[in-house]
Amino acid sequence: KKKKKQKTNMAANGNEPNLQDPFKAFMAKRKEIQRRNKRITLQDKVTGLPDRPVEYKAQLRKKFLQQALKYQGVPYSRHYHKDNPESPHYNAPLYLDCCGLVRRVLRDLKAEFGFEIGRYHQSYQMDTLPIAITEEEMQPGDLVFTEAPLYNTSHRRKEHDIVHVEIWMGDGKKVLGARWGKRTVEIHDSYEFVSQKYGPNKYHFRSIETWLRGICRSHCPEHKWVHRVKSKPKSSVFAISDDESADHQDENAESIE
């Protein structure tokens, strides 16, 4: 009786391992494996093509991030500098907003990726990336999308309320992106931020695996995003080679200096 009482006291005091803990850990691990297997099945379903070699995809992922880093310092939009000749970004040769940066890099590497991405904004880009992952599963080059309602309800809502996108650096929470209207493409310490124009923010983590496999099409049943090639007017100064932010609405940009 005395030994039984001591054993009960030990368990109550936390000195004896709880037999349920290993079982809970086992079940959590099992669920994670099932979730990963489901994701792999999803990858095979959405592509419908044989997978590319792992080494090729790893190198392409690396190239994607390296190419994006080359655009550090490029201003967000002509809109914020066109009336200020004293601005260092007045009449800059190139402007990139958040989705424009991603689009530009993909077009730079279209031969390697095997497709040309359409001229739509960040909602479209997320719809082409159906593999949702956790923050812990993010790899360099994956994308973080921000979902939030606009404070100014007179402005047109983006599909899925996706208002922003940035590129995961693989260093803590750091991301690369064009976030502030009067600033440039730069590295931010965290994907989390407070906007003056929308909120509260909800973040979506997306793997670029389907892009790495050479697939770029909408996987959203609600939005098909028909890819149309538009001819450029001869008189336009907003050619895609000059201003990748031309078709992005500036009401989502922050004007913070």
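1. A disulfide is a pair of cysteine sulfur atoms within 2.5 Å. By that rule, this predicted model has 0 disulfides. Take C98: its closest cysteine sulfur sits in C99, 4.7 Å away, which is too far for a bond.

2. Some ground rules before going on. The model is predicted, so local features need pLDDT of at least 70 and side-chain atom pairs count only at pLDDT 80 or more, while totals for chains, interfaces and linings use all residues. Residues are numbered from 1 along each chain as its sequence is written, and side-chain values use heavy atoms, leaving out hydrogens and water.

3. Are C98 and C220 buried or exposed? Buried means under 20% relative accessible area, exposed over 50%, and partly exposed in between (1.4 Å probe, protein chains only). C98 comes in at 2% and C220 at 9%, so both count as buried. Across the chain, 46% of the 257 residues are buried.

4. Now the overall layout: the chain has 7 helices and 5 strands. These are DSSP runs numbered from the N terminus (helices: H or I, at least four residues; strands: E, at least two). The order is α-α-α-α-α-α-β-β-β-β-β-α.

5. Have a look at strand β1, residues 143–147: 4 of its 5 residues are buried, so the rest of the structure largely encloses it. Two strands pair if DSSP finds at least two bridges between them. β1 runs antiparallel to β2 (residues 162–168), with 5 bridges, and E147 stands opposite I162 there. β1 is also antiparallel to β5 (residues 202–206), again through 5 bridges, with F145 facing H204.
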